Amino acid sequence: MFALSQLLFPARAYRVLLLFLWNPLILFEIVQNAHPDIIMMFFVILSALFIAQEKILKGWVAFISSVFVKYTSLLSAPFFVLLFMSQNKKLTGRMMILGKLAIIAIIVALISLIPYWKDETMMRG
């Protein structure tokens with residue numbers, strides 16, 4: 001959060017960080033409930049930081065990780081996809097970017113399944 005606020009609001013980075021950290025809802029959810037929403041939002045903010053630094057691949061992997069933590073971050077997927085696709089003006093370039101994003105999402109999904117993979121019966125249900 002601090003690194004992202006330094007990129008976007010350099011003069012007010014510490015103020016933004018303190019406002020975020022002392023938010024009663026954030027404190028209550030982190031300390032009392034230990035919701036997975038905090039982990040999901042960590043990956044969403046990390047993705048926004050990478051995108052602001054123009055590290056597209058890392059940003060997409062962080063976003064896919066947030067979806068694996070909790071699927072409600074999928075609601076922001078169209079914004080991320082449009083942002084990634086705006087990197088190229090030609091239709092063929094946009095389709096290539098969309099294909100690369102899909103392949104990366106599949107690879108990240110398969111890598112995240114490795115610890116739980118026992119044998120081929122896992123795929124049968």
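## Packing of α5 against α6

In this predicted model, α5 and α6 are roughly antiparallel to each other, because angles over 145 degrees count as such, and their axes pack at an angle of about 170 degrees and lie 12 Å apart. The axes are lines fitted to C-alpha atoms, for helices over the stretch in contact, with angles running from 0 to 180 degrees between N-to-C directions, and the helices themselves are DSSP runs (H or I, at least four residues) numbered from the N terminus. The contact, defined as heavy atoms within 4.5 Å, is made by I56, G59, W60 and F63 of α5 with A77, F80, V81 and F84 of α6. The crossing in which α5 passes α6 is left-handed, a term used if the near helix is turned anticlockwise from the far one by less than a right angle, with right-handed used if the turn is clockwise.

Residues are numbered from 1 along each chain as its sequence is written. Local features need pLDDT of at least 70 and side-chain atom pairs count only at pLDDT 80 or more, whereas totals for chains, interfaces and linings use all residues, and side-chain values use heavy atoms, with hydrogens and water left out.

## Packing of α5 against α7

α5 and α7 pack at an angle of about 50 degrees, with their axes 10 Å apart, and are therefore oblique to each other, the class left once angles under 35 degrees (roughly parallel), over 145 (roughly antiparallel) and 65 to 115 (roughly perpendicular) are set aside. Their crossing is right-handed, and L57, W60, V61, I64 and F68 in α5 meet L101, I104, A105, V108, A109 and S112 in α7.

Helix α7 spans residues 91-113 and reaches 33 Å from its first C-alpha to its last, close to the 33 Å expected at 1.5 Å times one less than its number of residues. Its buried residues (under 20% relative accessible area, 1.4 Å probe, protein chains only) are G93, I97, L101, I104, A105 and V108, and what covers them includes α5 (56-69) and α6 (77-85).

Not counting residues up to four places away in sequence, F80 touches S47, I51, W60 and F63.

Technical notes: Helices (H or I, at least four residues) and strands (E, at least two) are DSSP runs, numbered from the N terminus. Buried means under 20% relative accessible area, exposed over 50%, partly exposed in between (1.4 Å probe, protein chains only).
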